[in-house]
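Hello,

Here is the structure we talked about. Please open it and follow along with the notes below.

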Amino acid sequence: MFYGSKFLLIKSSSTPDLEADTEIETISKLIEEQYGKIVAVKEAHDNKKNYLDVGERADHDDTPSVTHIITRSIQFIEYNAARKSMIPVTTPDWIIDSVQAGKCLNFKSYNPDPKYFLKDCFVCVADNLPVGDKEVIYAGVKAFGGNYLDVLTKYSTHLIAVDLSNEKSIIASSAISGAGSQDDAIDIKIVLPHWIDHSITLGRKVDEKPYLLPDPALLKSGNSSITSQMNSSLMESGDLEKISQSKSEFLKNKTFYISSDYNLSERLSNTLDLLIEKNGGKVTKSFSSENVDVYIGKYRNGVAYVESSKSNRIIIGNLHWLYSIIVSNEWVLPVNSNLLHYPSPHIPLDGFKDLRISVTNYSGDARAYLSRLITLLGGTFTKSLTKENHYLIAAKGEGKKYLVAKDKWLDENGEPKIKIVNHLWLEECFSKWKFLDDDQQKYKYLGNQQISMESLIGSTKLDENVLKIWTGKDGEEEELKTAKKTNSDNVDDSMSEDESTQSAASSNANKPKVVEPPVSLTSRYGGRSAAKKAALKLQDNMSDLNQYQEIAKSSRKMKSYMEELERTATPTKRKPTNDDDTSDKFVTPLKKKAKAEKTPVQEVKQEVKIVKESAPRFEVIAIMTGCESEITLNRTDLSKLANVGIKVISDFSHKHAINTLIAPKILRTEKFLRSLSQVNKIVHPNYIAEVLEKIAVNETWEKADLFKAISIDDYTLDKSLSVKEINTELGYSKSSKINGLTNLTLSDKHGKLFEGLKLNLSSCLNGGVEVIAKILMDHGMTEFQTIKNNLSGNNLKKALIESSEDGKHILIAHKTKDAKLITAFKKLNLENAEVVEWDWCVKSIFKMQLESYDDYKL
């Protein structure tokens with residue numbers, strides 16, 4: 001089990017000598033029985049020799065490099081170096097339990113550092129939370145010692161959800177209630193996202209009980225923010241004192257700006273604000289290069305990023321970096337830290353396109369780190385090694401993967417088909433943002449008994465000269481010369497080190513997909529749902545491929561389209577914009593002269609003036625959503641589709657006019673609802689699968705011939721699902737004779753449904769006001785006002801806006817979270833007022849007509 005591993009054993013000064021000696025003797029025996037090597041046994045306070053200091057080990061020193069540290073204390077000289085080098089630090093219990101289990105267990109659960117208070121948590125997030133929230137929740141879980149997997153397994157301890165109506169909650173509830181005997185018991189706690197928020201803010205794992213669905217006591221208090229609960233009975237005694245005592249001046253005198261490219265909900269945004277303030281910092285919602293000290297962003301683009309890059313004063317990092325310095329309480333500049341602690345390029349490196357890369361002899365955080373680098377560079381990380389792989393990243397010259405790649409899978413010249421390099425090649429490709437020559441000797445060195453390549457991981461830093469290429473026009477001008485655009489919503493399936501914690505089906509999850517024809521749908525689109533999600537996100541990250549369909553088939557539509565082209569600005573005269581800036585519209589005013597409260601509406605209205613592509617190159621301009629369980633695409637697929645007139649984009653944006661929505665069923669996601677403001681057709685993903693099958697057999701299809709061979713009308717959603725099923729989802733009665741899908745797609749109210757309406761939106765709406773407002777603005781809403789749920793009386797009355805000229809006030813609220821707000825709204829006794837749930841908006845969109853308020857009143 002421990003073959004090739006080299007252990008440093010540290011005796012804790014807090015453990016009695018006799019007890020410590022007995023424990024060391026026990027684990028030493030177990031390590032040696034499992035073919036591990038013990039480098040040394042030392043006292044925690046012994047600083048004579050640092051076993052992780054490479055400089056101390058000259059060539060004549062025959063001390064082997066350390067791969068694992070076993071200790072019950074973190075007060076030893078090697079600890080900081082171990083953390084930075086991602087060397088696993090565990091208690092002796094990890095050795096004992098792993099031997100008993102017959103496999104290496106998860107390292108993180110045995111970390112002795114009390115700062116990693118989520119180490120016993122294995123978290124999954126429900127799919128109906130905003131994508132930005134999901135990614136940041138997973139980052140927080142990982143930063144504070146936990147593990148995550150974006151699919152439920154028997155190892156999951158917590159499911160983060162806002163309700164029980166989503167698929168994962170249903171599965172988890174069923175698993176809990178279906179456990180028969182004590183041996184079969186499954187203890188998955190389904191908790192509100194506030195549980196993670198409050199745990200991270202308090203710096204400890206809080207009791208889950210007030211957060212448990214379906215009836216969380218937290219929401220009954222009327223306000224779920226942590227500040228409003230400090231004196232609440234929900235908080236354990238002494239929590240207020242703990243919060244006060246735990247406040248630090250670590251970030252004193254530093255003003256933070258968090259970029260909206262994270263697409264966070266208001267709840268999670270407030271949590272991060274509080275975390276920064278708790279550590280002495282300040283947060284500003286508007287960017288100014290004079291007032292901001294630290295810029296936190298996800299990608300290397302956008303006006304704020306470019307201005308920050310050009311400033312010698314502003315520090316640039318991402319949320320992973322922010323979490324890491326708060327955990328360590330140590331200030332390290334992002335460029336001098338981990339490569340992943342700085343905003344990443346959102347356009348992958350062209351040289352990594354379609355590369356399949358596996359990893360061997362790296363474990364724990366090191367393995368997760370390399371997996372993430374591979375993904376960001378544009379390659380595909382494969383857990384298993386097959387002949388389809390292009391590279392194997394190896395820490396040393398041993399192990400099954402290494403021996404097979406080196407000695408068995410050879411080409412006609414007897415050379416390995418799979419290139420074997422160490423992690424330095426990957427790190428330097430990322431740092432230089434260039435596909436480097438892998439034949440350099442330093443990339444082929446796999447260490448020796450004294451130096452382990454795994455112990456050197458993380459030593460590569462970002463090249464600050466290279467970073468300057470992102471300070472061009474909109475931060476992308478130079479990047480576009482060497483790479484292709486990719487979607488921004490990637491959430492890794494797993495950063496878990498222990499492969500035994502994957503779901504049973506996950507053994508095939510990362511196997512490379514065959515892209516050369518002929519290819520079968522089963523092999524191409526098979527695999528578990530979560531892996532497909534990651535693959536789809538990767539595809540989403542790829543490039544916008546969008547525009548125009550059906551129009552060419554109708555002279556009336558073509559005439560209308562050409563007239564619209566003449567009315568709109570041409571692309572050559574249009575001022576360049578940045579895709580990610582569209583997510584800022586409800587947060588940061590980009591025009592300083594505009595009135596602050598008007599800016600979101602003005603910006604969205606301006607954005608809605610779609611600039612069409614001047615040449616009708618594409619028959620189908622589509623957006624995909626919810627298709628991860630049906631089909632996954634890679635960049636080659638997208639390119640092939642584009643060549644035959646089908647453009648698939650990753651995210652909804654007014655920079656592109658779409659005409660087709662690809663989905664397996666009626667959904668309520670942001671992408672689905674926003675797309676309904678434009679599309680005239682909703683088709684099943686089988687359409688894309690069939691097109692790719694045709695291309696796989698014959699790549700020389702002419703566009704016209706292919707569209708004749710495969711009619712998109714044969715794949716509309718009502719051809720794959722029953723009209724009755726679709727009508728039910730759209731909100732029609734069972735007896736309705738209407739084809740709801742046809743009514744929806746052929747309506748003339750696309751983009752104009754809520755025209756003239758001014759709506760009041762509760763801050764507690766699921767998904768956040770920003771997302772809700774974007775959806776409604778896309779469908780014509782004139783103006784909106786965010787209403788905090790703690791308002792009442794005159795304060796509430798002053799905050800409300802009238803929805804139309806007749807003085808009507810419409811409030812969109814959450815049935816349970818806004819109980820107090822709803823009561824306060826009704827107490828105003830406004831003559832012409834309605835408070836309705838979000839479903840009124842959704843069903844109105846689905847039917848493309850404003851529904852009666854009566855069925856949706858709160």
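Strands β15 and β16 (residues 419–421) pair in the parallel sense over three bridges. Strands are DSSP runs of E, at least two residues, and helices are runs of H or I, at least four, numbered from the N terminus. Two strands pair if DSSP finds at least two bridges between them. Leu392 has Ile420 as its bridge partner in β16. From β15 the chain crosses through helix α13 (residues 400–408) to β16, and this β-α-β crossover is right-handed. That word has a rule: with the strands pointing away from the viewer, the path from the first strand over the helix to the second runs clockwise.

This is a predicted model: local features need pLDDT of at least 70, side-chain atom pairs need 80 or more, and totals for chains, interfaces and linings use all residues. Residues are numbered from 1 along each chain as its sequence is written, and side-chain values use heavy atoms, without hydrogens and water.

Strand β13 (residues 356–360) also runs parallel to β15, joined by four bridges. Ser358 has Leu392 as its bridge partner in β15. Both faces of β15 (residues 391–394) are covered. Tyr391 and Ile393 are buried on one side, Leu392 and Ala394 on the other. Buried means under 20% relative accessible area (1.4 Å probe, protein chains only).

Now the charges over rings (NZ of Lys or CZ of Arg within 6 Å of the ring centre and within 35 degrees of the ring normal). Lys254 sits over Trp331, 4.7 Å from the ring centre. Arg300 sits over Trp470, at 4.4 Å.

Best wishes

Methods
Buried < 20%, exposed > 50% of the residue type's maximum accessible area, 1.4 Å probe, protein only.
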